[in-house]
Number of protein chains: 2
Amino acid sequence: MFGSALPPSQPGSLALSCTLHRLPGAVTPTHSLQVLPSARCCPLAPAKPRQAMEGEPTLRLRIFDLNCWAIRYLSKRRQERVRLIGDTLRREGFDLVLLQEVWSEQDYSDLRVKLAGCYPFSHYFRSGVIGSGLCVFSRFPILDTLLYQYSLNGYPYMLQHGDWFCGKSVGLVIIKISGIIFNVYVTHLHAEYCREKDAYLPHRLVQAWELAQFIRHTSKAADVVLLGGDLNMHPEDVGIRLLRGWTGLRDAFAEAMRFEGCKNGCTLVPDNCFIDKSELLPFPLGIRIDYILYKAISSFTVKCEELKTTTGPALGTDIPFSDHEAVMATLHIQRRGQPVGAALGAADLALADVVTEARTEVGVGLQAAQRQRYSSGRMAVLALLLLLLQAAAALGILAGLGTEQPFPKLSFCLLAFLALGVLVLATGLHLFHTMEVKMLHGTKDQMGMALRALQERPSEG
Amino acid sequence: MFGSALPPSQPGSLALSCTLHRLPGAVTPTHSLQVLPSARCCPLAPAKPRQAMEGEPTLRLRIFDLNCWAIRYLSKRRQERVRLIGDTLRREGFDLVLLQEVWSEQDYSDLRVKLAGCYPFSHYFRSGVIGSGLCVFSRFPILDTLLYQYSLNGYPYMLQHGDWFCGKSVGLVIIKISGIIFNVYVTHLHAEYCREKDAYLPHRLVQAWELAQFIRHTSKAADVVLLGGDLNMHPEDVGIRLLRGWTGLRDAFAEAMRFEGCKNGCTLVPDNCFIDKSELLPFPLGIRIDYILYKAISSFTVKCEELKTTTGPALGTDIPFSDHEAVMATLHIQRRGQPVGAALGAADLALADVVTEARTEVGVGLQAAQRQRYSSGRMAVLALLLLLLQAAAALGILAGLGTEQPFPKLSFCLLAFLALGVLVLATGLHLFHTMEVKMLHGTKDQMGMALRALQERPSEG
């Protein structure tokens, strides 16, 4: 059990995890679903009749998602917390564990060793300077993986924020359970440092769009799509509406039949001892930025039976797992009679509005990036001119045109070095903002194409 | 007609382009294939009976692929050549045009305006500082696009090579023709500057692997996969064997029933007036590095009826289109009775050898990157130490510990600036090589996972 950190589990709830159940009197299935052998942590147990009313076997999947806040040298009581997370995961025996902010490969290796018995399959996604921080532990074999690094992710010179150095990405692992193909995505989007004046909004929107596009394009052979991660967006933000609308993913919190945990499903709460309470002043209950989203693609249905969040210090300790609360979902996957297509239809117009809103924000970001590109370019040109002027003056003196040196040598040299430094820096900035402009422009175009497709659809139908 | 630049087309061959044909006496098809309305450039004409022996309608698709070598200010006679390319594309009316090295968006816009009548649909892929250079023109609507930027692409400090600044990528456009979904990929991999000692081989292998993985993961709902581009690999190179083996793509040159053009299908030939002949001394016939690859995924077959390359100056001019020859393929797409799975089977062992070979090369690159990361890190530490020493000395003097200054002020300042410069540069390099190590490591891991999957497969069957 999670102890006091977790809302009390129902008796026997562990035993229900990830098993396929046949109801009494159900017709023999003609498809490939098979009852799984019971794992050490997850013995077989009968499913609840409510979940299998159509007489088809039901697969129950328990998923754990957590932003671990495990930054080497910076995160408080990191090793203790990583140990705690590992112990809990081993004890609870989830089917799938999606972690973010495991920045240290050593922490990942330690977890892997500890969890080898219960989660024999795992993957760590490498990216950027520090790493993506993303990893997955699974009870079921991982068939394949793919990493997509977002094209925009903050600024390298914003050292105090540091997102750029993580190479933020979305990781995909493909898992097959009883013949059902799961495309499992884990991600962590750019942080929001100031909600009132969020300079990173266009970047986060580009990330949300790329995430949605990546999921759409890579999940076409999947039966079920799962996405877990720290999206750094409130539930009503345009980015999450874009992501959900464009992919058809459903929010486990909104869909759950049962919920236990922090009020409103918040995952960043003022009660957490690692949280700077002043940052959450406008949100006295906290905010919800960690999600588990899902959808069935082919002839399956997915329902969220239960969603939980942790609610403070873990069992037998005085600390929580992280500065974020963990999100835990229990999903029911069941085959249905016949495959259905993506039923967007009437929602297209609402989706078009969301895409338009996101596109406008990306456009605002594009204008800002163009201004920055221009001003850094101008700065580089000015520095170059100053250098050339100095070079001309120096050559003039060497050629004996001026009889005496007009400036003290030291100041002259210092000015030249300063100009050189500004030139290098401004050129670097100019190149960076050129890339930023290109990516924002590309995303705006892609969104425009999506809009046209959405607007044309009703007339076709 | 292409005139002297092109091998003479067969009479009426243009008229065969991208149309669906019904054979006399063929059974009525039960699927969604329909005869397309004739386009301006591509009127209907009867297909050859040889191509439709199973009595199903055949779709003919004519594809044009070219590395345009259109670098602003650097490429010779660029505007003239881009005009020439546009004129030829308009006259010849291909179905699909895949271009690389269209670095200038102005060139793309000019082409788009010129080709609007014949190719109403197009997409330009933006990426990196300069741009990916990739674009697609199509007679058929582009349903969706996606860009994947390779995680490694040379070094920013190798200014003379410049690949890093292009943000090399693979672009995907999805096109539907008569109910058949085509996933069309266009790409350009890192150049090879020295075949004997190819410092970029690990990066190009990572790109080939990412390209293969991207195609595999995004093409699962496609009926036909097409890949065109400058792969910068000879046909027997490990990267192209890896790409073909891992995706199942087939080489249009090797499969073509008819070929006309440069000997051995070479696309970089010494006769080309823009080529530095000395570079091709070891290859008197030239090299083949531009490809059109294809495969059918679901219940379709694809055959290459004809492959052509250009062979020199374009019609009515004294110049060729580019420093590369263009590749043109005529493909036949036909529905077959029943879908078949990817028939790798016996080829698995050979593929395992290729993956092992590629993984070894990536491992070599990883070691080199680790050494560079170490030496740049050491250099940064030394520069930092020197700076600290100077700071201590300066403080000592200010505090009056030393009565007289031991160094001339100018040298002291110059040394400090030098140390600062080295510190910044070495830190940048260290960060860059850290990213390189991460990506090489990640790819090596992924290849290892692929190897295990390949080795386990026979025992399962």
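This is a predicted model: local features need pLDDT of at least 70, side-chain atom pairs count only at pLDDT 80 or more; totals for chains, interfaces and linings use all residues.
**Entry: how the copies relate**

**Entry: the annotated span**

I checked the UniProt record for chain A. An unreviewed entry lists residues 67-324 as "domain: Endonuclease/exonuclease/phosphatase". In the model, the span is 22% helix and 29% strand. Its end C-alpha atoms lie 6 Å apart.

**Entry: helix α4 in chain A**

Next I went to α4(A), residues 238-247. How many of its ten residues are buried? I found seven, and the helix is mostly covered. The buried ones are Val238(A), Gly239(A), Ile240(A), Leu242(A), Leu243(A), Trp246(A) and Thr247(A). I followed the chain past the helix end.

I then asked how α3(A), residues 201-218, packs with α4(A). The angle is about 15° and the axes are 9 Å apart. That is under 35 degrees, so α3(A) and α4(A) are roughly parallel to each other. The crossing is right-handed. From α3(A), the contact residues include Leu205(A), Ala208(A), Trp209(A) and Leu211(A). From α4(A), they are Val238(A), Gly239(A), Leu242(A), Leu243(A), Trp246(A) and Thr247(A). Each of these six from α4(A) is also on the buried list.

**Entry: helix α4 in chain B**

In chain B I looked at another partner of the helix. α4(B) packs with α6(B), residues 348-398, at about 135°. Their axes are 9 Å apart. That angle makes α4(B) oblique to α6(B). I noted a left-handed crossing here. α4(B) makes the contact through Val238(B), Arg241(B), Leu242(B), Gly245(B) and Trp246(B). α6(B) contributes Leu351(B), Val354(B), Val355(B), Glu357(B) and Ala358(B).

**Entry: Ala380 in chain A**

I moved along α6(A), residues 348-398, to Ala380(A). Is Ala380(A) buried or exposed? Its relative accessible area is 10%. The limit for buried is under 20%, so Ala380(A) counts as buried. I listed its contacts beyond four places in sequence: Leu423(A), Ala426(A) and Thr427(A). One of these, Ala426(A), is 46 residues away in sequence. In space the two C-alpha atoms are 5.0 Å apart.

Last, I looked at backbone angles. Most residues other than glycine have a negative phi.

Glu101(A) has a phi near 60°. It sits in strand β3 of chain A, residues 96-102. Its relative accessibility is 11%, so Glu101(A) counts as buried.

Asn232(B) has a phi of about 50°. Where does Asn232(B) lie? I placed it in the loop between β9 (224-230) and α4 (238-247) of chain B. Asn232(B) is buried too, with a relative accessible area of 10%.

Notes:
Residues are numbered from 1 along each chain as its sequence is written. Chains are lettered from A and ligands numbered from 1 in the order in which they are written. Side-chain values use heavy atoms; hydrogens and water are left out. Buried means under 20% relative accessible area, exposed over 50%, partly exposed in between (1.4 Å probe, protein chains only). Helices (H or I, at least four residues) and strands (E, at least two) are DSSP runs, numbered from the N terminus. UniProt positions are given in the numbering used here, feature names are shortened, and annotations may be inferred rather than shown by experiment. Contact means heavy atoms within 4.5 Å. Axes are lines fitted to C-alpha atoms, for helices over the stretch in contact, and angles run from 0 to 180 degrees between N-to-C directions. Angles under 35 degrees count as roughly parallel, over 145 as roughly antiparallel, 65 to 115 as roughly perpendicular and the rest as oblique. A crossing is left-handed if the near helix is turned anticlockwise from the far one by less than a right angle, and right-handed if clockwise.
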